[in-house]
Amino acid sequence: MASSLTPVLSAFWDEPESWTMATYLRHDGYQALRHALTMTPDEVLTTVKDSGLRGRGGAGFPTGLKWSFLPKPDGLPRYLVVNADESEPGTCKDVPLMMATPHFLVEGVAITSYAIGAERAFIYVRGEIVHVYRRLLAAVAEAKAAGYLGENFLGSGLNLDVVVHAGAGAYICGEETALLDSLEGLRGQPRLKPPFPAVAGLYARPTVVNNVESIASVPSIVINGADWFAGMGTERSTGFGLFSLSGHVRRPGQYEAPLGITLRELLDMAGGVREGHDLKFWTPGGSSTPIFTAEHLDVPLDFESVGAAGSMLGTRALQIFDDSTCVVRAVLRWTEFYAHESCGKCTPCREGTYWMQQILARLEAGQGTEEDLEKLLDICDNILGRAFCALGDGAVSPITSSIQYFRDEYVRHLAEGGCPFDPVASTLFAGANA
Ligand SMILES: Cc1cc2nc3c(=O)[nH]c(=O)nc-3n(C[C@H](O)[C@H](O)[C@H](O)COP(=O)(O)O)c2cc1C
Ligand code: SF4
């Protein structure tokens, strides 16, 4: 079992000006691109396939396999689109990665574009994170000036234009087809699939959409080989990933570790839950993944094990909540987020998230009834698997899982006619974490 960190993407985050080309080159930056150009595009694709890399944006789809779905080149454009929308509550890995070492991503974009035969790539950044947008613009300009992008990059005879695009800031624009609509200048709403983006994506042309961390992992795989990557993690969840610990933990932050590490091991490294408190519940992969409790501390954090235990690895956004937190209140906050971010395209999610928010607010205030709990579960049942995209399913996860593990706490709100918790006690500035 994994018990130590494997810093690759975060290896030199603490160096001064870690984001510059000069720092990146000191750490063998762009050697992977040079190496890739000595291989055929198919060989690059096979290396990524053999490494077992699975998408780091949540769903865990095998990255090399996704690339292989593109039809054979027909002389017309095909695109790489990097999903840098990162908006899920708790998910906070792509932003630090792009701020600290944007060149991992830019080099990954160049290698991936070569592998799939794209001459134009887009990095779609969530609109609010202007600092990241600026950092990416600077990194792309640096790479272009140094000859790693642009016309005839590295004398390869190939061209690559990289566009950094700022969205207007919407969670739904992280859903890959809504992202493509948004990039085309339309309102960001999911498209019906099939056709999948590999066949008809941006401007109806073959398109690969991948998460920031997926693409940023490509240079290290190309330079170190598929076996090196596959030698870390578990058999079906290979490699390393950024685990983001937040909330009631002594040392929150990014912990880059092999997949299959457990929360117990990560918490040991992070100094444990804040002093004087016990772990109550946590999310393994962001707010859209069913919550876990202390009984899941030893579940290996890989796609299969987390799934078998009833949740999803998602984006490895480990939000830690201690015993001072009211689970009903936390779930209400998440539900408010989903109701706000629902794009409104389909009825179950548009209406359902709104109703769930109303009922949860009643329950949290101690003004609900036992029937409200059943109604809540019934609405969840009518959203799960019936909504147009995965946002609907995600909205249901915290509700059903919290009722599964903490039904008593919901009932206590009803019995006591209000919330039994002091909301100030759960805030980080309450002093206990000093
Ligand atoms: C509501 C919603 C929001 C999403 N947000 C993101 C996001 O911010 N970043 C991301 O990479 N994937 C996000 N995804 C997943 C993408 O649709 C897609 O699976 C992913 O970008 C594929 O990249 P990967 O294979 O490298 O993981 C989201 C999905 C949904 C349903
Ligand atoms: S599930 Fe929600 S976000 Fe997705 S299409 Fe339907 S309304 Fe829009």
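**Group meeting: a walk through the predicted model**

Hi everyone, let me start with Thr 20, which counts as buried because its relative accessibility is 16%; buried means under 20% relative accessible area, exposed over 50%, and partly exposed in between, with a 1.4 Å probe and protein chains only. Before going on, some housekeeping: this is a predicted model, where local features need pLDDT of at least 70 and side-chain atom pairs count only at pLDDT 80 or more, while totals for chains, interfaces and linings use all residues. Residues are numbered from 1 along each chain as its sequence is written, chains are lettered from A and ligands numbered from 1 in the order in which they are written, and side-chain values use heavy atoms, with hydrogens and water left out.

Back to Thr 20, then. You will find Thr 20 in the segment before helix H1 (21-26); helices (H or I, at least four residues) and strands (E, at least two) are DSSP runs, numbered from the N terminus. Leaving aside residues up to four places away in sequence, Thr 20 touches His 103 and Glu 142, where contact means heavy atoms within 4.5 Å.

Now to helix H7. Which residues of H7 are buried? They are Val 132, Arg 135, Leu 136, Ala 139, Val 140 and Ala 143. Down the axis of H7, the buried residues fall within an arc of 135 degrees, so they line one face of the helix; that arc is taken from the directions from the helix axis to the C-beta atoms. On the face turned away from the buried side, H7 carries the exposed residues Arg 134, Lys 144 and Ala 145. The cover over the buried residues of H7 includes H1, helix H5 (94-100), helix H6 (102-116), strand E2 (120-125) and strand E3 (161-166). The charged end of Arg 135 sits over the ring of Trp 19, 3.9 Å from its centre; the rule asks for NZ of Lys or CZ of Arg within 6 Å of the ring centre and within 35 degrees of the ring normal.

On to the aromatics: the structure holds 17 aromatic pairs, meaning rings of Phe, Tyr and Trp (its six-membered ring) with centres within 6.5 Å, stacked if the planes are under 30 degrees apart, edge-to-face over 60 and tilted for the rest. Phe 281 and Phe 321 are stacked, because their ring centres are 4.5 Å apart and their planes at 10 degrees. Phe 281 is in strand E7 (residues 279-283) and Phe 321 in strand E9 (residues 317-322), 40 residues apart.

Last, the charges. The count comes to 23 salt bridges, each a side-chain nitrogen of Lys or Arg within 4 Å of a carboxyl oxygen of Asp or Glu. Glu 213 meets Lys 93 in one of them, at 2.9 Å, N to O. Glu 213 lies in helix H9 (residues 212-224) and Lys 93 in the loop between strand E1 (79-84) and H5, so this pair ties together parts 120 residues apart in sequence. Arg 316 also forms a salt bridge with Glu 213, at 3.1 Å, N to O. Through shared partners, salt bridges join Lys 93, Asp 94, Glu 213 and Arg 316 into one network.
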